[in-house]
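This briefing is for a reader meeting the structure for the first time. Please look over the sequence and the model before reading on.

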Amino acid sequence: MMFQGVAEVVTLVLVDDTNSPIKQWRFDNADVIRIGRSPEQNDLVLDDPVVSRLHLELHLTQDSTHGKVWQLINYGTNGSFVNGHPVQQSRLSNGALIQLARGGPLLKFILEAQASPSSPSPPASPVSPVSPVSPVCTHANNPPNTLFCIHCGAPILVERQIREYQVLKTLGQGGMGTTYLAFVPPEENNPRPKMLVLKEMNADMTRIPKARELFEREARILKGLNHPGVPQFYDFFVDEGKKYLAMAMIHGQDLEQRVYQRGPVVLSQAIEWMIQTCEVLEYIHAQSPPIVHRDIKPANLMVRTVDNRIIVLDFGAVKEIGTPLGTCIGAPDYTAPEQNRGEPLTQSDLYAIGATLIFLLTGESPQKFFELRGSGYGFNLKGDPRITSQVRETIEKATESKPSDRYQTAAQLARALSQCL
């Protein structure tokens, strides 16, 4: 029940799978909020293939039992979910998680009571000082698994402090090191707080020269790149004997996970993502000296949630043309023959684009289609109804055994892919 002198304020926060905020929209005194893919029909636009043109509406209604309540009405062909449950119409509670289609964008529904100027302000809850492995904010009624307080925006828990970086949670752990989700508090000269990824190299790995080389190479390469399809570099430092790399947090899902969860990608979307990947490759191949990524594969291509764009990850394997030959690096299903010999070229990355497109369209390992073809080995895609003849010819040219028989530049491959549309 809303009280006299208090207005409705709805905030919708786009969050990732870890409940971390990406973007938010505020609606003052609205009684209907339309959400979907069409800019002409909606108050909040989400550009995602699984979202319908008008996917759902939020309505402020009067209920005889509960007073003023917000209701969700689903219009999406792929359904809407509230706190993980499919709904056609549902009352929304403060902090509810709304998902547009299974695996689609997640929105957190936050309802505030905003007092009018003549109304007394409610007392604020106390906030505790920042300290490692302790609560940062003591506001009550935050939804479970929330990283930031919905009332004041401060981190609810900081696991540890590494220099100015507040570690909020562990994202992943492997043989090379550990990846954290970190937060940098606002400063006077930089008032906007940053959410970022902090990669920590394991102390025992620092004794292995090749491991140090790969970790430091990624930092050096990222620092010199400036492209919207490449994670932004923030910092590289050593603290208590451990190496750290700080880079932008990308909210999204890699193509490998996406295909495993949802199945093969529709042709137009798969080609669009590969064209975007070609744009990144065109940029890094144009560096002086040219940079070969060497590990283009579905797991290293992230679809950013906010705009459905590809971000190329993992620059630890990159090689600058002209440097001494090294060992073979890359996933076997996606590496070109010359890269297997430790002689990567820019055309090696284009080979990986062709193999990745096979995986996106079929949901199966490219190795399944690799066989003797003519005088050598290659991908045999004939007769597969999921791949049109024009796309098949493009993939076959991109994955020719000899680099000279392939597309010679990423721009050439991008043009060929666009013609397949």
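The model is a predicted one. Its chain has 421 residues, and 50% of them count as buried. The secondary structure consists of seven helices and 26 strands.

**Overall make-up**

- Taking contacts between residues at least 6 apart in sequence, 51% join residues at least 24 apart.

**Nonpolar cores**

- The largest nonpolar core has 67 residues, and within this core Met-274 and Phe-315 touch the most other members.
- Helix α5, which covers residues 346–362, gives the most to this core, with 10 residues.
- A second core is separate and holds 25 residues, including Leu-44, Leu-56, Ala-101 and Leu-107.

**Helix α1**

- Helix α1 runs over residues 209–223.
- The 15 residues of α1 should span 21 Å at 1.5 Å a residue, and the end C-alpha atoms are 21 Å apart, so the two values agree.
- Buried residues of α1 include Leu-214, Phe-215, Glu-218, Ile-221 and Leu-222.
- In an α-helix there are 3.6 residues a turn, so residues three or four places apart point the same way.

**Aromatic rings**

- Eight aromatic pairs are found in the whole structure.
- Tyr-165 and Phe-237 make a stacked pair, with 5.7 Å from centre to centre and 5° between the planes.
- Tyr-165 belongs to strand β15 (residues 165–173) and Phe-237 to strand β18 (residues 233–239), so their pair ties together parts that are 72 residues apart in sequence.
- Both Tyr-165 and Phe-237 are buried.
- Phe-215 and Phe-236 have ring centres 6.2 Å apart and planes at 45°, so this pair is tilted.
- Phe-215 is in helix α1 and Phe-236 is in strand β18, 21 residues apart, and their pair links distant parts of the chain.
- Phe-215 counts as buried because its relative accessibility is 5%, under the 20% limit.
- Phe-236 is partly exposed, with a relative accessible area of 31%.
- One aromatic cluster is formed by Tyr-351, Phe-370, Tyr-377 and Phe-379.
- Over the ring of Tyr-407 sits the charged end of Lys-397, 5.3 Å from the ring centre.

**Backbone details**

- Most residues other than glycine have a negative phi, and most peptide bonds are trans.
- The peptide bond from Ser-288 to Pro-289 is cis, with omega near -5°.
- Pro-289 is found in the loop between α3 (267–285) and β21 (291–292).
- Ala-101 is not a glycine, yet its phi is positive, at about 80°.
- Ala-101 is located in the loop between β10 (97–100) and β11 (106–115), and this residue is buried, with a relative accessible area of 1%.
- Asp-314 also has a positive phi, near 60°.
- The loop that holds Asp-314 lies between β23 (309–312) and β24 (319–320).
- Asp-314 counts as partly exposed, at 30% relative accessibility.

Methods: Residues are numbered from 1 along each chain as its sequence is written. This is a predicted model: local features need pLDDT of at least 70, side-chain atom pairs count only at pLDDT 80 or more; totals for chains, interfaces and linings use all residues. Side-chain values use heavy atoms; hydrogens and water are left out. Rings of Phe, Tyr and Trp (its six-membered ring) pair if their centres lie within 6.5 Å; planes under 30 degrees apart count as stacked, over 60 as edge-to-face and the rest as tilted. Helices (H or I, at least four residues) and strands (E, at least two) are DSSP runs, numbered from the N terminus. Buried means under 20% relative accessible area, exposed over 50%, partly exposed in between (1.4 Å probe, protein chains only). A charge sits over a ring if NZ of Lys or CZ of Arg is within 6 Å of the ring centre and within 35 degrees of the ring normal. Contact means heavy atoms within 4.5 Å. A nonpolar core is a set of buried Ala, Val, Leu, Ile, Met, Phe, Trp, Tyr and Cys residues joined through side-chain atoms within 4.5 Å. The expected span of a helix is 1.5 Å times one less than its number of residues.
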